[in-house]
Amino acid sequence: MSTATESGLQHRLAAVLQKNWKSLIVFVPFFWLLIFFLAPFFIVFKISLSEAIIASPPFMPMIEWADEGVMRIKLVFDNFTYLWEDDLYFNTYLSSLKISSISTVLCLLIGYPMAYAIVRAQSTTKNVLLMLIILPFWTSFLLRVYAWMGLLADQGTINNLLIGMGFIDEPIRLLYTDFAVYVGIVYTYLPFMILPLYANMEKLDWTLLEAAADLGARPFTTFLTVTIPMTLPGIIAGSLLVFIPATGEYVIPDLLGGGNVLMIGRLLYNEFNANVDWPVASAVAIALLLVLVLPMMLYQHVQGKETEAS
Amino acid sequence: MSKQPNYTDRPWMDPDAEPFIKVQSVSKQFGTFTAVDSVDLDIYKGELFSLLGGSGCGKTTLLRMLAGFETPTSGNIFIDGVNMNDVPPYERPVNMMFQSYALFPHMSVEKNVAYGLQRDGIAASEVKKRVEEMLAMVELSQFAKRKPHQLSGGQRQRVALARALVKQPKVLLLDEPLGALDKRLREQTQFELMNLQEQLGITFVVVTHDQEEAMTLSTRIAVMDVGKFMQIGTPTEIYEFPETRLVANFIGNANMFEGRVTENGPDHVVINSKNPTCEFYIDHGISIQEGQKTWVAVRPEKIKISKEPHSAENANQMKGIVHDIGYLGKVSTYRVMVQDTLVEVTSPNQSRPKDSNLIIDWDDEVYLSWDASSSVVLSK
């Protein structure tokens, strides 16, 4: 009897799976994000509304049980007002945004012509070029940043080469400057600019450019009035893929910028590890998220419009 | 008083007329592939000229060379007396209507149409006026603010036309202008195009693979194959007097018979074919040698079909068995087995024969005959 119900249950389960396998496929990654993104986010948000103490964990619990079973919830907004009051945080955010914005623009200026050239190349060359763009991912990111340290150091490859060729007498300061951070970020994030641009340009209808020329537009005018608007979704996607992670970047400013370059990632690390002020560190993280949510929403909006158009 | 010949409708007949577009031994090679093979062509002002051919015949390449998107490997193209070889597309006095229309998807209808005028630095008020006029002409005024993807195929076609015409080009190039439309819309648009062309007096050069479209639209047609012109002429010339088997087959249908010239007079030719055995008496002289092998073509609709012989003479007559009948409403097509060859006959269904003995049925023995002026000798 039990075997009969069992097989009946199995049948029913199979039927449910067959019917709902699509929702199941969607559910798994959503569940993953819920556990490993949304839940930690709320934990961090909770810590940001707490007070630092010398204990383990180093912050006050949010919920306290007073006598007679009365629950007391204590929310402290000081950490956020502190971020606003202390110049250091504001300047660091500003500096981070400046560095990531300039890096994004540099990536776009370098990546756009590259993506364009790849799309226009013959199909065999095209595959080789795309492979070269993806090639750096085959070595560890950290290793590549260390390699840049070796290149940029006072006694590094570049300085030695320049001295050896007699262009300079003394090494130029390259490492631990803004310049080094820009080089690192642009180098690291360039593929993230090129790939979405490539994907977008691949779909571009080239007869539109001929139509523009036919109607009297010179090549540069055609570029401004047709090519740029048509590739705008690619430009936005690539820019966000560079801008968002570059703003929170920690390794590159730490290794290539040393103590001289202010960026949120480093600040966060310091608050957390050196100052052991978890609530302020959490507030910094939440504020960073807010700063980055804005461009993300912009992206969503543009994407929505694009799908609507097609 | 001698009558002055009037060439206004047929400028290509006028020995003094200067061609508006002159293609001079132009070739275009892509690698080892020759798309256009040393062609010469004169197109006159106000013509509606069609380049007709199957895919890969080089017609589109020739059109793209006129537009400036391809440069000839050798030869020259003159438009209005100016050599176009070094003139980029954006400086040519021509506009093109693309096969895919190539409307800018990010611009509204009016911005699409205004695009070309704005490039010429025309004042905004003038641009607005001319765009409005043009949209009124193609009956799209109420769609001015729409984006191309919000329009139907026929409307998009008209936007493309408006955009190409608004600059008042000297030559309008049209790449398969009606290809993307359904049959009804295509017929209607054909006549609209012709009216527009007559009204504006712009020279049209049309690329098409559709022989019916070319026949209806054109003042003259150039039939192309493997990068060369097979024949250039008016629709009537090309249909009635095809020069080659390829042209005869490409424009309409034709029954073709191989034979030998047995008599060559100044006003007539006699050709005898072996399979099926038949004597063709043709009442116009041609330059051909007696005894030469050649081909004769007879159009299906020029052949009369009946159960009784038409004349006692043997020439221009065949006897066969009805193999197949296709009833198409206004006409019927018969496929008649004459010895070992199937001959196609198209006959109008003008009236129903009263005598049932005269009704042609499957496996009936029938006589096929045609006028002495109805068959043509093909050169190859």
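Reply: The following account takes the open sheets of chain B in turn and then turns to the side facing chain A.

The model is predicted. In one open sheet of chain B, five strands follow the order β13-β12-β11-β14-β20, and their pairing is antiparallel. On average, neighbouring strands here are turned by 40° against each other, direction ignored. Within the sheet, strand β11 (residues 255–264) of chain B is joined to strand β12 (residues 269–273) of chain B by five bridges, and the two run antiparallel. In this region, B:E263 stands opposite B:V270 of β12(B).

Another open sheet of chain B also has five strands, in the order β15-β19-β16-β17-β18, with antiparallel pairing. Its edge strands are β15 (304–306) and β18 (341–348) of chain B, each of which pairs on one side only. The twist from one strand to the next averages 40°. Eight bridges link strand β17 (residues 331–338) of chain B with β18(B) in the antiparallel sense. There, B:Y334 has B:V345 in β18(B) as its bridge partner.

Finally, 17 residues of chain B are in contact with 16 residues of chain A. On the side of chain B that touches chain A, β6 (94–97) and α2 (109–119) of chain B are the elements that give two or more residues. Of these, α2(B) gives the most, with three residues.

Note on methods:
Residues are numbered from 1 along each chain as its sequence is written. Chains are lettered from A and ligands numbered from 1 in the order in which they are written. This is a predicted model: local features need pLDDT of at least 70, side-chain atom pairs count only at pLDDT 80 or more; totals for chains, interfaces and linings use all residues. Two residues are in contact if their C-beta atoms, placed from the backbone, lie within 7 Å. Helices (H or I, at least four residues) and strands (E, at least two) are DSSP runs, numbered from the N terminus. Two strands pair if DSSP finds at least two bridges between them. Axes are lines fitted to C-alpha atoms, for helices over the stretch in contact, and angles run from 0 to 180 degrees between N-to-C directions.
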